[in-house]
Amino acid sequence: MGFFRNNNNGLTDFSAIATDLHCHVLPGMDDGAATMSESLKMLTEMARLGFTKIIATPHVVSTLYPNTREQILGQVSHLQEVIEERLKAQGSGQNEGDKAQGAGLKEGDKAQGARIKIEGSGEYHMDDELLGLVHSGEVIPFGKLNYLLVELPWSKPWFSYEEVLREIQAAGYVPIIAHPERYAWLMGNMKLYQKLIDMGMLFQLNLNSLNGLYGFQARMAAHQLIDAEMISFTGSDAHYMGHVNELSKVLQNKHFAKLVHSGRLLNSEL
Ligand SMILES: [Fe+2]
């Protein structure tokens with residue numbers, strides 16, 4: 001699947017990426033999907049785009065979104081149950097049209113969201129509480145190497161963010177820095193990027209940064225990071241359907257093709 005040639009890049013879907021490890025698809029947990037219906041729509045479209053697994057990463061920010069391990073995993077189970085119910089309803093129909101109706105979906109939707117596996121984790125914001133969560137085992141790692149998606153402070157940190165990252169590593173986790181191209185204080189600073197890479201950090205690029213969704217500078221920083229072969233993962237960072245609908249444009253993007261064909265991406269190993 002995936003590498004059929006019908007555009008300049010030879011990429012028609014995201015099956016080469018397979019797993020999205022940054023997605024705000026869990027309903028009602030943060031500023032992502034507001035309802036179950038929206039979550040299902042996002043998952044259906046992401047399945048159509050070729051994703052086979054989503055690691056749901058609601059914001060974990062002590063002051064704004066103090067989502068607990070229990071709440072996140074509970075909502076993942078709830079979403080999985082709803083999808084299962086829809087699959088069963090779909091299977092009990094008489095023909096294709098009935099099946100789609102039985103699942104409460106329009107003809108054509110066919111509950112494709114159900115074909116996506118869902119796991120839970122978080123987008124862990126680097127704030128005062130983060131190390132406490134790490135040391136109490138409250139965080140939810142993913143992958144064989146105990147990855148944690150870490151969001152750096154949005155303004156230049158007054159504390160040693162490098163020390164915090166080292167402490168996360170010492171606790172047995174591998175930090176993946178969420179969207180390094182998006183922090184104004186870090187974007188385009190190749191020295192700081194290199195320092196983080198040398199420390200053993202892995203970088204996750206937002207796919208929509210290549211579309212300019214987060215501005216020109218983030219787009220340029222994304223190009224620099226790809227050209228410097230610093231990106232190990234990509235993610236949608238999708239908060240709602242608008243973000244999901246933008247993703248297909250990335251398939252035409254030359255830097256995306258360069259990244260996929262570099263063989264450096266680790267998404268499909270998750
Ligand atoms: Fe995010």
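Me: Which residues touch the most other members of the largest nonpolar core?

Reply: Good place to begin. In this predicted model, the largest nonpolar core has 68 residues, and Val25, Ile54, Val150 and Leu225 touch the most other members. The biggest giver to this core is helix α7, with 5 residues.

Me: Could we step back to the whole chain? How many helices and strands are there, and what share of the residues counts as buried?

Reply: The protein chain has 9 helices and 9 strands. Of its 270 residues, 40% count as buried. Sequence separation is worth a look too: among contacts with a separation of 6 or more, 75% are between residues 24 or more positions apart.

Me: Back to α7, then. How do I read its crossing with α9, and at what angle do the axes cross?

Reply: Start with the angle, then the handedness. Angles under 35 degrees count as roughly parallel. The axes of α7 (residues 216-227) and α9 (residues 254-261) come within 10 Å and cross at roughly 30°, so α7 is roughly parallel to α9. The crossing of α7 past α9 is left-handed.

Me: Which residues meet there?

Reply: From α7 come Ala222, His223 and Ile226, and from α9 come His255, Lys258 and Leu259. Sorted by class, this contact has 3 nonpolar, 2 polar and 1 charged residues.

Me: Let me pick Ala222. Is it buried or exposed, and what does it touch?

Reply: A residue counts as buried if 20 or more other C-beta atoms lie within 10 Å of its own. Ala222, in helix α7, has 31 of them within 10 Å, so Ala222 is buried. Setting aside residues up to four places away in sequence, Ala222 touches Glu181, Leu205, Ser209, Leu210 and His255. Pro180 is 42 residues from Ala222 along the chain, yet their C-alpha atoms are separated by 8.2 Å.

Me: Now Val164, for practice. Where is it placed, and why does it count as buried?

Reply: Val164 belongs to helix α5 (residues 161-170). Val164 is buried because 20 other C-beta atoms lie within 10 Å, and the cut-off is 20 or more. With residues up to four places away in sequence left out, Val164 touches Met126, Leu130 and Leu131. Leu131 is 33 residues from Val164 in sequence, and their C-alpha atoms are 7.3 Å apart in space.

Note on methods
Residues numbered from 1 in each chain as written. Predicted model: local features only at pLDDT ≥ 70, side-chain atom pairs only at ≥ 80, totals over all residues. Helix = DSSP H or I, 4+ residues; strand = E, 2+ residues; numbered from the N terminus. Buried ≥ 20, exposed ≤ 12 C-beta atoms within 10 Å, placed from the backbone. Contact = placed C-beta atoms within 7 Å. Axes fitted to C-alpha atoms, helices over the stretch in contact; angles between N-to-C directions. Parallel < 35°, antiparallel > 145°, perpendicular 65-115°, else oblique. Left-handed = near helix turned anticlockwise from the far one by under 90°. Nonpolar A, V, L, I, M, F, W, Y, C, P; charged D, E, K, R; others polar. Core = buried A, V, L, I, M, F, W, Y, C linked by C-beta atoms within 7 Å.
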